[in-house]
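Subject: Structure handover

Dear colleague,

Please find the structure below. My notes on what was found in it follow.

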Amino acid sequence: MATRRTFLKTSATLFAGAALSNFVSAQQEKAPLIWGNMLNLGHNMWGDTPRAYTPPHSKMICEYPVWERLTNEMADAGLNLLLIDLGEGVQYESHPEIAIEGAWSVEKLRNELARLRKMGIEPIPKLNFSACHDFWLGDYARMLSTPKYYEVCADLIQEVCEIFDTPRFFHLGYDEETFGHQQTYDYIVIRQNELWWHDFLFFVKTVDAQNVRPWIWSDYCWHHWDEFAKRMPKHVLQSNWYYNTEWDPAKVNYLQAYLKLEKEGFDQIPTGSNWDNDANFGNLVKFCREHIDGPRLKGFLQTPWKSTTADSLEHHLNAIRFVKEAKNG
C-alpha cells in the first residue's frame, strides 16, 4: 500500500463512482436491518470547547478492556454494526502526524476488525469532516478548503477504505457546522452556501471513488431543506438524529426531517441516543417504523456520546441494552 497519495491522483478518480447507485441497488437492498452502535476510538472531535467535553487529548483515552467488553456485549445482544469514530486514534500510514500517543497501529486496527466480523458485527469507519468536529485533523483543520486540505482528506479516506477492506459505508459526519455550535471555540470556521456544497460533494465523490457508500448526519436539512432536497445525492445514506422525548412532529422540526427525507426517497438510518434520557431509542424505533417505508429504512443507530472508558461503562451498557430491547420488542 502506498504511504503517500497525491491530490492530483485522487482528483482523477473522483468520478469513478458515478454508477454507485447501481452498486447500492445490487449489493445492499436485501441486507438485514441494521441494529448499530457507535464507539469512539479517537475523541478529539470537539476542538477547544469547554461545553460538554474536556480539552483535546494528547494521549489515547479509549481503554481496550472497555472496548472489548462493549463489543462482546453488542454481539451477545444481537447488534450487527459498529460505527467506529476513528479520528486521531489510528497511526495512519499516509499521515502519521495525525496520531496521538497510544493511537492504534494499522495492524492492530485490522486485527480488531477481523475479531468484530467473526462475532457477526460489521465495522464501519467514521471520520467527521465537519468544521465543528475536525480537531482530530490537527493543523489541517485550519487549512479548510485549500488544496492541501483536500489532499490530506482524500488520502485518509482512501487509506481507511483499504484498512476496512472496502466497507459497505463510510460515515463523513458533517454535522453542526454552525456558529452556534462553535461560539465557545477559540477558533471558529464555517462553510456555507456554495463552498459548503463544493466541499461536501468533494467528500461524496471521494468516497464514491472507493466503491463505498457515503453516510452522513442529516442536520443540515433542518434549516436548508429546499436546497438539501434539490442537491443532496440520493445515494448518500441519511442519519437524521433526535435525542429528546417529544414525539409530535408538528411540534418538533427535527422529527419532521424523518418525514421529509422519506417523502423525497432517501434511505435512512435514524439515530438516537441515551445521552440524557433512557426512553429515546425505543421511541425512535417505534416512530420511524410507523413513518418510514420498509425498503428505505435501513436500520437504526445508537450513539452514546461518551468516551470508551471505565467511568462511562454503565452508560454504554445501557445504550446497548436499549438497542436490544427495541430490536426484540
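At 52% relative accessibility, Asn193 counts as exposed (buried means under 20% relative accessible area, exposed over 50% and partly exposed in between, with a 1.4 Å probe and protein chains only). Asn193 belongs to helix H7, where helices (H or I, at least four residues) and strands (E, at least two) are DSSP runs numbered from the N terminus. Although Asn193 is not a glycine, its phi is positive, at about 55°.

Before the rest, the ground rules. This is a predicted model, in which local features need pLDDT of at least 70 and side-chain atom pairs count only at pLDDT 80 or more, while totals for chains, interfaces and linings use all residues. Residues are numbered from 1 along each chain as its sequence is written, and side-chain values use heavy atoms, with hydrogens and water left out.

Backbone

Thr166 also has a positive phi, of about 55°, and is not a glycine. Thr166 sits in the loop between helix H5 (147-163) and E4. With a relative accessible area of 46%, Thr166 is partly exposed.

Aromatic residues

The whole structure holds 28 aromatic pairs. Rings of Phe, Tyr and Trp (its six-membered ring) pair if their centres lie within 6.5 Å; planes under 30 degrees apart count as stacked, over 60 as edge-to-face and the rest as tilted.

One of the pairs is Tyr174 with Trp196, which is edge-to-face, at 5.3 Å centre to centre and 80° between the planes. Tyr174 lies in the loop between strand E4 (169-171) and helix H6 (179-182) and Trp196 in helix H7 (residues 193-208), so this pair ties together parts that are 22 residues apart in sequence. Tyr174 and Trp196 are both buried.

Tyr174 also pairs with Phe200: the ring centres are 5.2 Å apart and the planes stand at 65°, so this pair is edge-to-face. Here the link runs between distant parts of the chain, from Tyr174 in the loop between E4 and H6 to Phe200 in helix H7, 26 residues apart. Tyr174 and Phe200 are both buried.

These residues belong to one aromatic cluster, made up of Phe129, Trp136, Tyr149, Tyr150, Tyr174, Trp196, Trp197, Phe200, Phe202, Phe203 and Tyr220. Trp197, in helix H7, is buried, with a relative accessible area of 1%. The C-alpha atoms of Trp197 and Met232 are separated by 8.9 Å, and the two residues are 35 apart along the chain.

A charge sits over a ring if NZ of Lys or CZ of Arg is within 6 Å of the ring centre and within 35 degrees of the ring normal.
- Arg142 has its charged end over the ring of Tyr187, 4.1 Å from the ring centre.
- Lys234 has its charged end over the ring of Phe266, 4.6 Å from the ring centre.

Cysteines

How many disulfides does a search of the whole structure find? The search finds 0, a disulfide being a pair of cysteine sulfur atoms within 2.5 Å. Cys161 is buried at 3% relative accessibility, and Cys221 is buried with a relative accessible area of 2%.

Cavities and pockets

On a 1 Å grid over the protein atoms alone, a cavity is a set of points where a 1.4 Å probe fits but cannot get out, and a pocket is an open set with protein on both sides within 12 Å along at least five of seven lines; lining residues have an atom within 4 Å of a point. Grid points are joined across faces, edges and corners, and a volume is the space filled by probe spheres set on the points.

There are 3 cavities of 30 Å³ or more. The second largest cavity has a volume of about 40 Å³, and its lining consists of Cys221, Trp222, Trp225, Asn253, Gln256, Ala257 and Lys260. Helix H9 (residues 253-263) gives the most to this lining, with 4 residues. By type, the lining has 4 nonpolar, 2 polar and 1 charged residues (Ala, Val, Leu, Ile, Met, Phe, Trp, Tyr, Cys and Pro count as nonpolar, Asp, Glu, Lys and Arg as charged, and the others, Gly among them, as polar).

The second largest pocket has a volume of about 290 Å³. Its lining has 17 residues, of which Glu177, Thr178, Tyr220, His223 and His224 lie nearest the centre. That lining divides into 5 nonpolar, 6 polar and 6 charged residues.

Regards
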